[in-house]
Amino acid sequence: MAKRPTMADVAAEAGVSRALVSIVFRGVPGASDATRERVLAAAERLGYRPDTRARLLRSARSRLLGVVFALDGAFHGELVEALYPAAAVAGFDLALSARGPRRSEDEALRSLLDLGVEALLVLAPDTSPDALSALPLPVVSLLEPQAGHTISSVATDESAGVELAVAHLRGLGHRRIAHIDGGSAVGAAARRDAFRLLAGRDAIVVPGGPHDADGMDAARMLLALAAARRHEAPTAAVVFNDEAALGVVHVLRAAGLRVPEDLSVVGYDDSHLAALAHVGLTSVRQDPDALAAAAVRAAAEALEGRHEHVLVSPSLTVRSSTAPPPAGVR
């Protein structure tokens, strides 16, 4: 096996001292731009990669952020992917720990504590804020605002997201809009409350949940409601997330209805599911890069004893699942 290039090899290749190579790799002042370029070019030629384990052993800090995420969260995967470059820019590494049907959030948290992470980023936490704040290291709640608690938080501005969806549908001419909510899922209450505030006395809220099966059940309720209130049936629906929205679309199509000609559908998250060619789902976009960058900054601030509560503005991605209501219907 070929010998792994060392910092000394890079120094010899670049014609500089090992100390100067160390300065370049640590990104601290002390080397000219020309020297930095020469050292980095030498490292590239040799295929040098820093020994992360050795660096951690020499340091009093691990520079390791623990991330707890849900295996069944479509948007969670996109957010975790965005966390890697955000952490790298700030000089952190990531350790991942998943929760799922056969692994609790508590187990996921404890495994990261055992690894010696410096701080925790918990995506859509199930654990209460009080329990998270009792952990022996800083915690950032990601996707669930925690203002008023002693843990930091970064989330999308849910009210703004729902307002974007409703404004888009009203702009198309829809007046009877339903909301299929997320049940007890993180973010569901905020989206439901925002919809009720916007819709007022005309609010139509159908119980749902975060999964496609929940969306399918909700769509059947929506069809029953349309049959009972034929002249006041909704012409559009804002669904808790993209996964549930796919369940809604499936049931509507199975019932012989067309999306968007008979019913417009808006999802939430703008996950990869929304962009599938056979779906073309209009969706409120949570910005994974902005959320990830804010979460890493919040973790760095929390390590210095400062708590942050950040709301990230969403946007709307319009695709083919929304259109004006059927002719003659407003």
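How many aromatic pairs does the count come to in this structure? The count comes to 0 aromatic pairs, in what is a predicted model. An open sheet of 6 strands, with parallel pairing, runs in the order β2-β1-β3-β4-β5-β11, and helices α6 and α12 pack on this sheet.

**The sheet**
- The edge strands are β2 (93-99) and β11 (309-312), each of which pairs on one side only, and the twist from one strand to the next averages 15°.
- Strand β1 (residues 64-70) runs parallel to β2 and is joined to β2 by 7 bridges; A70 has R99 of β2 as its bridge partner.

**Helices on the sheet**
- Helix α6 (residues 105-115) touches β1, β2 and β3 (119-123), and its direction makes about 155° with that of β2.
- Helix α12 (residues 288-303) touches β1, β3, β4 (139-142), β5 (152-156) and β11, while its direction makes about 170° with that of β5.

**The α1 and α2 contact**
- The axes of helix α1 (residues 7-14) and helix α2 (residues 18-26) come within 8 Å and cross at roughly 105°; since angles of 65 to 115 degrees count as roughly perpendicular, the two helices are therefore described as roughly perpendicular to each other.
- On the α1 side the contact is made by M7, A8, V10 and A11, and on the α2 side by R18, V21, S22 and F25; these residues divide into 6 nonpolar, 1 polar and 1 charged.

**Charges over rings**
- The charged end of R63 sits over the ring of F92, at 4.1 Å from the ring centre.
- The charged end of R191 sits over the ring of Y268, at 3.7 Å from the ring centre.

Notes. Residues are numbered from 1 along each chain as its sequence is written. This is a predicted model: local features need pLDDT of at least 70, side-chain atom pairs count only at pLDDT 80 or more; totals for chains, interfaces and linings use all residues. Side-chain values use heavy atoms; hydrogens and water are left out. Axes are lines fitted to C-alpha atoms, for helices over the stretch in contact, and angles run from 0 to 180 degrees between N-to-C directions. Helices (H or I, at least four residues) and strands (E, at least two) are DSSP runs, numbered from the N terminus. Angles under 35 degrees count as roughly parallel, over 145 as roughly antiparallel, 65 to 115 as roughly perpendicular and the rest as oblique. Contact means heavy atoms within 4.5 Å. Ala, Val, Leu, Ile, Met, Phe, Trp, Tyr, Cys and Pro count as nonpolar, Asp, Glu, Lys and Arg as charged, and the others, Gly among them, as polar. Rings of Phe, Tyr and Trp (its six-membered ring) pair if their centres lie within 6.5 Å; planes under 30 degrees apart count as stacked, over 60 as edge-to-face and the rest as tilted. A charge sits over a ring if NZ of Lys or CZ of Arg is within 6 Å of the ring centre and within 35 degrees of the ring normal. Two strands pair if DSSP finds at least two bridges between them.
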